[in-house]
Amino acid sequence: MELCIENLTKQFKDKRAVDHASLTITPGVWGLLGANGAGKTTLMRMAAGLMTPTEGTVKYDGVPIDVLGKGYRDIFGYLPQEFGFYPEFTVYDYLDYVAALKGLSRKDAKGKIDRLLETFSLADVRRKKITKLSGGMKRRVGIAQALLNDPEVLILDEPTSGLDPGERVRFRNLLSEFAADRIVLISTHIVSDVEYIASRNAVMKEGRIIAQGTTDELLWEMEGKVWSALIEERDLHRYEQKVRVVSIRNEERGAVSIRYLADAPAVPDSRPKEPRLEDLYLWLFPQEHTGGKEGA
Ligand SMILES: Nc1ncnc2c1ncn2[C@@H]1O[C@H](COP(=O)(O)OP(=O)(O)OP(=O)(O)O)[C@@H](O)[C@H]1O
């Protein structure tokens with residue numbers, strides 16, 4: 001089982017959203033990381049067969065997906081980033097409708113919907129109109145509809161946005177189980193989600209895949225670049241000009257402990273830290289860097 005993205009390019013008038021991207025996606029969860037506008041959604045839409053590439057092909061087990069046609073649609077599930085619901089549908093009716101579109105028999109649909117409602121803690125709201133649900137619940141309905149046909153290839157664009165921490169953990173566990181013998185590609189801005197779920201990752205920047213590998217392989221690149229140090233709060237601004245501070249924690253007596261990224265220690269008494277995927281992300285996408293007040 002293999003989804004092969006070969007030299008994929010999408011040109012929108014004067015904007016090249018995806019630029020000769022190649023990636024071979026094998027069973028397991030793959031995280032697709034990248035800043036806003038990196039081209040993730042465009043790549044995913046082409047991989048889902050919903051957008052025609054300007055150049056390049058997507059092949060499933062060696063066969064181009066446009067040749068597979070309906071055969072491909074039958075084995076994939078897709079959760080778009082902007083998920084449009086039919087406002088008048090209840091949760092159950094909506095899932096029933098999608099099941100019919102996906103060609104499930106009524107009997108199979110009922111069993112499957114009941115199981116998914118349980119899995120995503122939606123059983124209590126099955127008769128509620130989707131418009132009346134919270135953002136996190138809507139997201140869960142979106143994920144449930146993508147799973148209705150038990151897809152071999154599951155493509156999820158920002159599935160965890162709007163989920164609370166408990167939902168996020170349940171979702172991760174479910175996905176890890178589900179992905180044992182399937183292909184799952186997820187894009188997310190929540191780097192820690194990818195770190196926990198994904199067995200492999202691909203990083204996109206300006207339409208290109210600039211790195212790929214297991215989390216450990218990617219983190220190799222950050223070895224020797226992540227440091228922590230204790231500084232006086234009044235020196236913080238000065239250091240922020242010098243190094244990329246990724247988190248700050250207030251300590252006692254006007255001291256702050258900082259975690260920062262640099263090729264070599266740049267603050268006295270710095271200690272090396274174990275790199276995390278978020279460090280790599282902030283290294284590759286410095287414009288995303290917030291210097292958030294979290295554990296240093
Ligand atoms: N239909 C379109 N017409 C013109 N430009 C587009 C179109 N769709 C996307 N783009 C541009 O292509 C680039 C990549 O967009 P895309 O939505 O794929 O990025 P993304 O990585 O998914 O970003 P985000 O995380 O913000 O969703 C952006 O600069 C976007 O403005």
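Modeller: Strand β3 is joined to strand β8 (residues 183–187) by 5 bridges, and the two strands run parallel. Strands here are DSSP runs of E with at least two residues, helices are runs of H or I with at least four residues, and both are numbered from the N terminus. Two strands are said to pair if DSSP finds at least two bridges between them. The model is a predicted one, in which local features need pLDDT of at least 70 and side-chain atom pairs count only at pLDDT 80 or more, while totals for chains, interfaces and linings use all residues. Residues are numbered from 1 along each chain as its sequence is written, and side-chain values use heavy atoms, with hydrogens and water left out.

Strand β3 also pairs with strand β9 (residues 200–205), in the parallel sense and over 4 bridges. There, leucine 32 has alanine 202 of β9 as its bridge partner. Strand β3 itself (residues 28–33) is mostly covered, with 6 of its 6 residues buried. Buried means under 20% relative accessible area, exposed means over 50%, and partly exposed lies in between, with a 1.4 Å probe and protein chains only.

The pairing continues beyond β9. Strand β9 is joined by 5 bridges to strand β10 (residues 208–213), and here the sense is antiparallel. Methionine 204 has isoleucine 209 of β10 as its bridge partner. The hairpin formed by β9 and β10 has 2 residues between the strands, and glutamate 206 takes a positive phi near 45° in it. Strands of a sheet pair through backbone hydrogen bonds, either parallel or antiparallel.

A further set of strands forms an open sheet. Its 4 strands have the order β2-β1-β4-β5, with antiparallel pairing. Strands β2 (15–25) and β5 (63–64) stand at the edges with a single partner strand each, so one side of each has no neighbour in the sheet.

Two helices show how much of the chain's helical structure can be covered. In helix α1 (residues 40–47), 6 of the 8 residues are buried, so the helix is largely enclosed by the rest of the structure. The buried residues of α1 are Lys40, Thr42, Leu43, Met44, Met46 and Ala47. Glycine 49, with a positive phi near 75°, follows α1.

Helix α6 (residues 135–147) has 13 residues, which should span 18 Å at 1.5 Å a residue; its end C-alpha atoms are 19 Å apart, which agrees. The expected span is 1.5 Å times one less than the number of residues. Helix α6 is mostly covered, with 10 of its 13 residues buried; among them are Gly136, Arg139, Arg140 and Leu147. The cover over its buried residues includes β6 (76–79), α4 (91–101), α5 (106–119), β7 (153–157) and α7 (165–178).

Glutamate 233 and valine 256 are 23 residues apart along the chain, yet their C-alpha atoms are separated by 5.6 Å.

Aspartate 279, in helix α11 (residues 277–284), counts as buried at 3% relative accessibility. With the neighbours within four places set aside, aspartate 279 is in contact with Met222, Val226, Val246, Arg259, Leu261 and Glu274. From aspartate 279 to glycine 254 the separation is 25 residues in sequence and 26 Å in space, C-alpha to C-alpha.

For the whole chain, the count is 11 helices and 14 strands. Of its 296 residues, 50% are buried. Among contacts with a separation of 6 or more, 68% join residues 24 or more positions apart. The C-alpha atoms fill a box of roughly 65 × 45 × 35 Å along the principal axes.

How values were computed:
Contact means heavy atoms within 4.5 Å.
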